[in-house]
Amino acid sequence: MDRRGELLGWEGVGRIDSRSGYCTGTLIARNLVLTAAHCVFDDAGKLIPPETMIFRAGYHRGQSIAQRRVVKHVVAEGYTDKGGSHISNQSIAHDLALLKLDRDIVSAEADPFKVHRTALRDRRVSVVSYGKGRSEVLSRQGKCDYLKTYRHGLMTFDCDVTYGSSGAPIFARIDGRLRIFSVVSAMSTDPDRPKETIGMTLAHQVDDMKARLRNDAALPKVSTGALRVQIGQRSGSAKFVRPNN
């Protein structure tokens with residue numbers, strides 16, 4: 001989307017900037033942004049202070065439709081981040097975070113997207129993100145496919161993503177309207193298999209995070225006994241992994 005006019009309708013997707021780099025996030029309410037949980041942790045596995053993070057809605061070559069500071073963040077139950085390159089299947093399945101903004105983004109600036117809550121009738125999806133080599137403009141892959149759901153709620157897609165695409169919305173078109181079906185967590189690196197984007201199921205996890213924000217429970221809980229997966233590499237705001245069945 002090289003031209004500003006191509007952003008029409010996509011203003012609710014934006015770039016999240018922090019001291020550790022950037023991710024992609026999506027407005028799901030006037031003051032709430034959905035992204036990947038690992039976007040709120042630094043490379044040492046420590047939570048990034050929310051007040052140091054900024055959401056730039058409709059960011060395009062240095063300018064934003066709207067810009068807001070983050071005042072709170074909460075991650076999905078079951079997610080852990082120890083830094084480095086290791087991450088479990090369970091953590092990928094819960095690699096979600098909600099960011100609360102310092103003030104609303106009004107409809108004249110950007111409209112939020114709704115989260116899809118049922119099975120897809122059509123496997124066709126699309127993804128919109130920022131990424132390495134294209135961090136200044138949104139990129140959209142208009143046609144890719146949902147492939148499979150694994151254990152723990154992992155979902156795979158044949159969408160083409162890269163570093164910085166973490167937290168990006170995977171959209172499904174439902175009755176003519178775009179809904180967020182999943183969120184980009186990682187990308188497989190198995191040389192013997194086609195490249196796959198890895199996401200997770202959303203609805204109940206988003207509901208839980210909203211409730212925890214309302215209850216001012218903004219810190220993640222530590223889980224134990226997670227299974228490990230083979231890792232390709234981790235750099236800044238993206239993880240590259242291979243899912244297990």
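Author: Not counting residues up to four places away in sequence, His-116 touches Ile-174, Arg-179, Ile-180, Phe-181 and Ala-203, where contact means heavy atoms within 4.5 Å. This is a predicted model, in which local features need pLDDT of at least 70 and side-chain atom pairs count only at pLDDT 80 or more, while totals for chains, interfaces and linings use all residues. Residues are numbered from 1 along each chain as its sequence is written, and side-chain values use heavy atoms, with hydrogens and water left out.

His-116 sits in the loop between strand E7 (114-115) and strand E8 (124-129); helices (H or I, at least four residues) and strands (E, at least two) are DSSP runs numbered from the N terminus. Because its relative accessibility is 9%, His-116 counts as buried, a word that stands for under 20% relative accessible area, with exposed meaning over 50% and partly exposed lying in between (1.4 Å probe, protein chains only). Its side chain also reaches the backbone oxygen of Thr-118, at 2.8 Å.

Leaving aside neighbours within four places in sequence, Arg-134 is in contact with Ser-129, Ser-139, Asp-160, Val-161, Thr-162 and Ser-165. With Ser-129 there is a polar contact from side chain to side chain, at 3.2 Å; such a contact is a pair of N or O atoms within 3.5 Å, of which, within protein, one must be able to donate a hydrogen and the other to accept it, and residues adjacent in sequence count only if both atoms are side-chain atoms. The C-alpha atoms of Arg-134 and Gly-164, which are 30 residues apart along the chain, are separated by 9.1 Å.

Cys-144 lies in strand E9 (residues 139-149) and Cys-159 in the loop between strand E10 (154-157) and strand E11 (169-174), so the pair ties together parts that are 15 residues apart in sequence. Both Cys-144 and Cys-159 are buried.

The structure holds 2 disulfides, and the other one joins Cys-23 to Cys-39 with an S to S distance of 2.0 Å. That link is left-handed, with -95 degrees about the S-S bond. Since Cys-23 lies in strand E2 (residues 21-29) and Cys-39 in the loop between strand E3 (32-35) and strand E4 (54-57), the pair ties together parts that are 16 residues apart in sequence. Cys-23 and Cys-39 are likewise buried.

In strand E2, Cys-23 stands opposite Ile-16, and E2 runs antiparallel to strand E1 (residues 13-18), to which 6 bridges join it. Two strands pair if DSSP finds at least two bridges between them, and by such antiparallel pairing 6 strands close into a barrel in the order E1-E2-E3-E6-E5-E4.

Methods:
Disulfide = S-S within 2.5 Å.
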